[in-house]
Amino acid sequence: MLNCCLRFPLDGASLSHPIRSTHVNSYTNSSTARLTAESAMAAANSVRIAAAQMTSVNDIAANFSTCSRLVKEAVAAGAKMLCLPENFSYVGAKAGDSLLIAEPLDGPIMQKYCSLARESGIWLSLGGFQEKGHDDAHLRNTHVIIDDAGNIRSTYSKIHLFDVDVPGGAVYKESSFTEPGKDMAAVDSPIGRLGLTVCYDLRFPEIYQQLRFHHGAQVILVPAAFTTVTGQAHWEILLRARAIETQCYVIASAQAGKHNEERESYGETLIIDPWGTVVGRLPDRVSTGITVADIDFSFIDSVRAKMPIAKVNSYIFLQSS
């Protein structure tokens, strides 16, 4: 496939954003050589990421089998990293079930995913793992980054817990069994510098601002299990806003569909570029599968150079510190 350019107006300027074309016409030898060189240059400035969508259940082995299949699809698509949604390894059938299966990060569940990453040669973002807490009555909702050698590179425990009376829906009290995290996390990876968040964090823009302007994030990960009510109303809007205001790629892997008789997730896994454009989306909002997109580092630089909001934000952060 060849690269072509789509231009987006920006205050009288323009941004070149590579897109993919499946149609190849006849070119002269010189034109072909030039385009091949341009394609090689573009490839050096971009790397492919995959974002998964799935419906986890209360069966750890079945969920691992689904994740393994999604990993194979991501590898076949040329992705360097696959992002799985919140609660990828387990969704309980009733309240309290997650506490029963919670494990430390060196436990057998996480070690199987470390082996999967190593054997497949791919980085994994595992959002929302039920990590054992400080006592038997609590767990941590932990986002784990594993490299292609099977090593845990970074972890982030969800700071903002979902204590909400959803309009027209159920009442949730995540804090009743989950201890909140205290620290933000960012880590370098083959797809750029990653900022880690989980689900409900999405409604608190301050953490995203900090990840971009204090921690240097280029790509922000948002594994989630949004409810159908809140997802329909706010999911895509919030994600695009976070991408635009941070000028980062946002990778939002979602739980989708009916997990059991009591719980259903909105779905709609999305990959959004720093201009706020959706560049990856599954054709079915609740199906199991992956979407892929190329993280274009030159596009990140172009957006940030032409609209240099970091200068103003740096001043504000300095004034408030």
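Reply: The protein averages a pLDDT of 86, and 83% of the residues score at least 70, where pLDDT is the predictor's confidence in each residue, from 0 to 100. Over residues 1-41 the pLDDT is below 50, although this stretch has 58 contacts in the model beyond near neighbours in sequence, a contact being heavy atoms within 4.5 Å. This is a predicted model, in which local features need pLDDT of at least 70 and side-chain atom pairs count only at pLDDT 80 or more, while totals for chains, interfaces and linings use all residues. Residues are numbered from 1 along each chain as its sequence is written, and side-chain values use heavy atoms, with hydrogens and water left out.

As for the overall setting, the protein has 8 helices and 18 strands, taken as DSSP runs numbered from the N terminus (helices H or I, at least four residues; strands E, at least two). Of its 321 residues, 50% are buried, and here buried means under 20% relative accessible area, exposed over 50%, and partly exposed in between, with a 1.4 Å probe and protein chains only. Among contacts between residues at least 6 apart in sequence, 68% join residues at least 24 apart.

Turning to the pairs themselves, side chains of opposite charge can pair when their charged atoms come close. A salt bridge is counted when a side-chain nitrogen of Lys or Arg is within 4 Å of a carboxyl oxygen of Asp or Glu, and by this rule the count comes to 14. One of them joins the side chains of Arg48 and Asp294, at 2.8 Å from N to O. Because Arg48 lies in strand β3 (residues 46-54) and Asp294 in strand β18 (residues 289-296), this pair ties together parts that are 246 residues apart in sequence. Arg48 counts as partly exposed, at 25% relative accessibility.

A salt bridge also links Lys158 with Glu174, whose closest N and O atoms are 2.9 Å apart. Lys158 lies in the loop between β7 (152-157) and β8 (163-165), and Glu174 in the loop between β9 (171-173) and β10 (186-189), so this pair ties together parts that are 16 residues apart in sequence. Both Lys158 and Glu174 are buried.

The loop between β9 and β10 also holds Ser175, which is partly exposed, with a relative accessible area of 28%. Leaving aside its neighbours within four places in sequence, Ser175 is in contact with His138, Leu161 and Asp163; the C-alpha atoms of Ser175 and His138, 37 residues apart along the chain, are separated by 8.7 Å.

A further salt bridge is formed by Glu268 and Arg281, with the closest N and O atoms 3.1 Å apart. Since Glu268 lies in the loop between β15 (264-266) and β16 (270-272) and Arg281 in strand β17 (residues 278-281), the pair ties together parts that are 13 residues apart in sequence. Glu268 is buried, with a relative accessible area of 11%, whereas Arg281 is partly exposed, with a relative accessible area of 36%. Salt bridges that share partners join Glu268 and Arg281 with Glu236 and Arg240 into one network.
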